[in-house]
Amino acid sequence: MPQDHHQGSGSPELLAPAGSPEALAAAVAAGADAVYLAGRRFGARHYAANFSDEELRSAVDYAHLRGVRVYVTVNTLVRDAELPDVARYLLWLYEIGADAVLVQDTGVASLAREAVPDLPLHASTQMTVHNREGVARAAREGFSRVVLARELTLPEIEGIAEDAEARRVGIEVFAHGALCYCYSGQCLLSSVIGGRSGNRGMCAQPCRKPYLLVTAGMDDYGRPKDLRAVPGEDRYLLSTRDLCVYPHLDLLARAPVASLKIEGRMRSAEYVATVTSIYRRALDAIAAGEAWSPSREDIRDLALAFNREFTEGYLLGAPDIMARDRPGNRGILLGTVIGYDPRRQEATVRLTGDTVPRSGDGLAFCTDDPDEDVGAVVRGTPAVRRGTVRLSVPAPVGQGSRVFLTRSADLEERAKRVMEKPLQPLPLDVTVTWEDGTPCLEAIVARNGGEPLRVRYRSDLLMEPARSRPLTRDQIAEQLGKTGGTPFTIRKMDLRYPGGLFAPLGELNRVRRTFLERVEDAVLVAWRPGPDAVRAARERTEAAIAGMERPAGSHRSPRLPSVSVYTDTLEGAEAVVRGGARTVYLEPCTPVDPGLLEEAAAVCREVGADLVWKWPSITRRDFLDAASPLLPPLYEAGVRGVMVSGLGAADAVRRAEPRMNLYGAAGLNVWNRRTAGALAPLFLRCTTSPELPAADLARVATAAGDAPELEVLVQGNIEAMVTEDRLAAAVVGEMPDSRFLGLKDRRNRVFPLRCDGEGRTYIANAVETCLLDHLPGIAGMGIEAVAIDARGRGARYAGDMARLYRVGIDAVGRGDPGMLPGLKDEVKRRALGGITGGHFVRGLEE
């Protein structure tokens, strides 16, 4: 199989999206080096057209015959019961010649390494890899490429590439398309709002909905009182612009990056053709050493293809990546309404530039309120009079409304021409010889990154000595040199014709067709693993499936879980240990505060509880460099553990202080026993995903001998987003720490906000999870600990919740579950936004 593309191999790979067979053909025609796509299962774009199994097999062959690599996304989190199907799917992808698979689930990666170790693995951006330790870990775990978090800057990427271990993998970055508001792989907002999980490819895009920023004082339980809206014009507070690095593509082309990725598996084939062809031309010019500069026409076409206003993104240090005024396509500004004729339903528009609408164009008449925007299609090309045009519009529009060209018929026609242009054929060097009158053909096919392929075919045609009119050399060359309807062209033909022979021309044509079919088959076979490799992979896969389907050798015995509490103050730590917590996860408001940690450790030590330093969900270079040297003295002071949300951070802890216990936060996305087992060598305890329903959690818990201790989040407003956007500061400036901040949606639900010590914004669910009445079931699973998230809620809430859960667990231990409904009522009286059993009870939409 061809080798993966790595940085340092010249121009970076151009990687295009293919959400449908039509988009695949567009990407190939437009010059993509590789495409990424998904089957109908286990891909993170559930609502794209995607590919059936037969379409996927054909897509891989179609791309390979044109020298284009195919990466298949298997980048959702996987339920335990789905693991055997995933194993079979990975095997099938290996057999059909997929060049790599992108994965999010640590357990799926572990399974792939065991079953199909020769299938290259790419770490999806959903794995939230954002530091050099994470990239180095991916290299050690067998990944050949890492798609970095979109939040990283180019200097950070250059720093990662300086690490010897990290250089063992290719680095892939997004170059164009939509940006997620939250760090990919850490977003639960769509999931907690409506049960449609982004981690299962079903994101409902709640970040594109309107919200109000609200503030209030807080009561003793950290709940808002006297809630009021913060004044501001913008309503789409979580809506990002679209990424476009094209104006600075020369910087990226010189960067230590293996692949530049265009986002857009939900976009049309015309979009893929337009964007890919523009980036292709630019990269080719840069690679050729030309004095490249961005083209105004290309920037205009990129904007017309689709944009929510462009940004250079975090990657190139853009000061703002947000488009909070409206969430939809902007196109390009056409002009401004200066009058409206209600009788004719026509608007008079003063044009802003030299763009004139034509028949078939799509328009948006935009007001200050996006809900009042009006769309229209141009029927007939309007005349321009003194810089104005009259345009039909189906509803009244006000003077001053801006008019945007959001669909260009001209651009779509040019995109179709890109898609229809003849593809670059594979050149063949052909030698034709004759053995006892039988034509024998040999082709040499050049292959990117591999030895030339030789294909020999001895035909079944016996050419007889001619009685009167033998075929000439030119006649034979003409028949054997035709390649129409195939992906090949004859670059050179060495025809060693002895002369004096005859055969019907139709027979020569048949020989040629059969030969080219053999060449095509040989080219495709060269992209696939050999039969021995496939046989071995099938045996490994069946063994892995048998191991998963066998009953576990040992089950977790029912046990009474201990209580853990997340808090952010010393007072909170004191309250929760008084309430009976055995583990305190302390995340100081100041990110690195050794004095506070030492004081809290002393408090915990007095009652025999464990103090664990909870690190932020995102641990970039500055934090790691500041925090890691503190670990040895903190261990000596009684801090016995660190909780992290990423494997890179875990390795940083282990390197700085090997004695420190590691605790895995929910951000590790433990969905199945394979993930739990893969984390066991590093972690003492891991928090399972809050998206798991009870039945799935029970399956994970059965892997007693292969997993770390398991913990379940049972109480609190579940963390649903973490973002680099300084939302509150951007909208209102700095707010006092004592104030409550939240986002209110159109259903009047309020989602609490908090900021960590580095300024990141965290958004929590509007309703508190409460599983107190499910403690008997959790204890029956053998779960070692239950966790309460009391960050931002004050010491009284933290202490009361610890006490209520401790009492509930004691009641379960006494066989007295009748107390639980009353305790649940006590919880409800202290809750923010009410209580819910969440996914533990309801599960996810599938």
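## A walk through the predicted model

Start by selecting Asn669, which is found in the loop between β29 and α20 (673-679); helices (H or I, at least four residues) and strands (E, at least two) are DSSP runs, numbered from the N terminus. Before going further, note that this is a predicted model, where local features need pLDDT of at least 70 and side-chain atom pairs count only at pLDDT 80 or more, while totals for chains, interfaces and linings use all residues. Residues are numbered from 1 along each chain as its sequence is written, and side-chain values use heavy atoms, with hydrogens and water left out.

**Two asparagines with positive phi**

Asn669 has phi near 55°, a positive value in a residue other than glycine. Is Asn669 buried or exposed? Asn669 is buried, at a relative accessible area of 8%; buried means under 20% relative accessible area, exposed over 50%, and partly exposed in between (1.4 Å probe, protein chains only). Now jump to Asn748, in the loop between β33 (740-744) and β34 (750-755). Phi of Asn748 is near 65°, also positive in a residue other than glycine, but Asn748 is exposed, with a relative accessible area of 54%.

**Helix α19**

Next, select helix α19, residues 647-656, and colour its buried residues: Gly648, Ala649, Ala650, Asp651, Ala652 and Val653. What do the buried residues of α19 pack against? Show α5 (132-140), α17 (621-627), α18 (631-636), β28 (641-644) and β29 (661-664) to see their partners. Contact here means heavy atoms within 4.5 Å.

**α1 beside α9**

Bring up helix α1 (residues 21-30) together with helix α9 (residues 269-287): their axes come within 8 Å and cross at roughly 20°. That angle makes α1 roughly parallel to α9. Axes are lines fitted to C-alpha atoms, for helices over the stretch in contact, and angles run from 0 to 180 degrees between N-to-C directions. Angles under 35 degrees count as roughly parallel, over 145 as roughly antiparallel, 65 to 115 as roughly perpendicular and the rest as oblique.

To view the contact, show Glu22, Ala23, Ala26, Ala27 and Ala30 in α1, which meet Ala269, Val272, Ala273, Thr276, Ser277 and Arg280 in α9. By class, this contact of α1 with α9 has seven nonpolar, two polar and two charged residues. Ala, Val, Leu, Ile, Met, Phe, Trp, Tyr, Cys and Pro count as nonpolar, Asp, Glu, Lys and Arg as charged, and the others, Gly among them, as polar.

Arg296 lies in helix α10 (residues 296-305) and is exposed, at 73% relative accessibility.

**The nonpolar cores**

Of the 142 residues in the largest nonpolar core, Leu37, Leu93, Leu238, Tyr279 and Leu743 touch the most other members. Helix α9 gives the most to this core, with 11 residues. A nonpolar core is a set of buried Ala, Val, Leu, Ile, Met, Phe, Trp, Tyr and Cys residues joined through side-chain atoms within 4.5 Å. Centre on Leu238: leaving aside neighbours within four places in sequence, its contacts include Tyr181, Cys207, Met322, Leu743 and Ile763. A second, separate core of 76 residues includes Val576, Ala609, Ala790 and Leu804.

**Last stop: α15 and α24**

Finish with helix α15 (residues 570-578) and helix α24 (residues 794-813), which pack at about 20° with axes 7 Å apart. The two are therefore roughly parallel. Select Glu571, Gly572, Ala575 and Val576 of α15 with Ala795, Ala798, Gly799 and Ala802 of α24 to see the contact.
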